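The sequence and the structure come next.

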Amino acid sequence: MNFRATILTLFPDMFPGPLGASLAGRALASGVWSLDAHDIRAYTTDRHRSVDDTPFGGGAGMVMRPDVVAAALAGADDGRPTFYLTPRGRVFTQADAEKLAAGPGVILLCGRYEGIDQRAIEASGAEEISVGDYVLSGGELPAMVVLDTIIRLLPGVMGAADSAVEESFSGGLLEYPHYTRPAEWNGRAVPQVLLSGNHAAIAAWRRQEAERITRERRPDLWAAYTAIASTAPGP
Ligand code: 9WO
């Protein structure tokens with residue numbers, strides 16, 4: 001049961017892009033996941049193959065036509081969760097990645113220009129999601145971001161079995177700091193506890209650092225973490 005990613009885009013040649021390299025690329029080559037980038041322009045029916053038109057109400061730029069986008073969505077729809085990448089969407093989280101990695105795949109709709117006619121999005125039942133508060137020139141890079149978060153969680157993708165779950169956000173904390181050789185570099189020493197061989201002390205130090213960094217940098221994550229931790233069953 002491999003994970004299927006279908007991308008609807010005006011720029012199918014952008015894929016797999018960075019997802020063809022490294023961890024995700026090896027998983028793609030080995031069949032852990034598959035990628036299908038469909039050209040939305042292939043669903044046009046007019047002589048000029050037009051995908052966009054001027055906005056009703058006036059204003060700058062162009063809007064993607066609902067009929068063309070709906071045809072592209074219909075061509076891909078097989079019940080997989082469908083998302084439209086837009087800065088207007090709910091912010092995509094690690095929890096979303098974990099849920100989707102347990103499913104059959106995703107269909108990702110990428111807009112260009114000023115966006116897509118809202119009726120096509122509503123009619124499709126696609127959920128609007130964002131990967132952050134900034135405007136790009138299209139949804140393709142966000143689609144790659146979403147896919148990368150999911151792919152690394154698929155069974156057999158990570159080298160070390162549990163390195164995925166130890167990192168930032170799993171457990172609701174940011175990462176603790178990492179160190180490797182040399183033990184002293186440019187006058188900077190590695191924290192002594194990491195050289196002690198005392199695994200319990202190391203785990204406690206890492207936890208404490210992860211908590212401190214989360215509290216200092218991301219009060220929002222820290223509030224969520226303390227709310228969960230206070231309702232969790234005790235030791
Ligand atoms: C254009 C624009 C111009 C003036 C004021 C606000 C504006 N918003 C946009 C806009 O959202 N353009 C989008 C470009 C149309 C859909 C695809 N584009 C896009 C997606 N840019 N950024 C994203 C995106 C998606 C997910 N997470 C972060 C950004």
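Where is Pro182 found? Pro182 lies in the loop between H5 and strand E8 (184–185); helices (H or I, at least four residues) and strands (E, at least two) are DSSP runs, numbered from the N terminus. This is a predicted model, in which local features need pLDDT of at least 70, side-chain atom pairs count only at pLDDT 80 or more, and totals for chains, interfaces and linings use all residues. Residues are numbered from 1 along each chain as its sequence is written, and side-chain values use heavy atoms, with hydrogens and water left out.

**Cis peptide bonds and positive phi**

- As background, most peptide bonds are trans, and most residues other than glycine have a negative phi.
- The bond between Arg181 and Pro182 is cis, with omega about 0°.
- Phe15 and Pro16 are likewise joined by a cis peptide bond, with omega near 0°; Pro16 sits in the loop between strand E1 (3–9) and helix H1 (22–29).
- Ser22, which is not a glycine, has a positive phi of about 55° and belongs to helix H1.
- Ser22 counts as exposed because its relative accessibility is 52%; buried means under 20% relative accessible area, exposed over 50%, and partly exposed in between (1.4 Å probe, protein chains only).
- Arg49 also has a positive phi, near 55°, and is located in the loop between strand E2 (33–39) and strand E3 (52–53).
- Arg49 has 42% relative accessibility and therefore counts as partly exposed.

**Ligand surroundings**

- There are 18 residues around the ligand, of which Thr86, Pro87, Gly111, Val131 and Leu136 come nearest; a residue is near a molecule if one of its heavy atoms lies within 4 Å of it.
- A polar backbone atom of Val131 is 2.8 Å from a nitrogen atom of the ligand, and a polar backbone atom of Leu136 is 3.0 Å from a nitrogen atom of the ligand.
- Taken alone, the ligand exposes 600 Å², and the protein buries 73% of that; accessible areas come from the Shrake-Rupley method with a 1.4 Å probe, and for residues only the protein chains shown count as cover.

**Nonpolar surface patch**

- Tyr134, Leu136 and Leu141 make a nonpolar surface patch of about 300 Å².
- Leu141 is part of helix H5 (residues 140–151) and is partly exposed, at a relative accessible area of 47%.

Methods: Patch = residues over 30% accessible without salt bridge, like charges linked within 9 Å, V, L, I, M, F, W, Y side chains within 5 Å. Salt bridge = Lys/Arg side-chain N within 4 Å of Asp/Glu carboxyl O. Polar contact = N/O pair within 3.5 Å; in protein donor to acceptor, adjacent residues only side chain to side chain.
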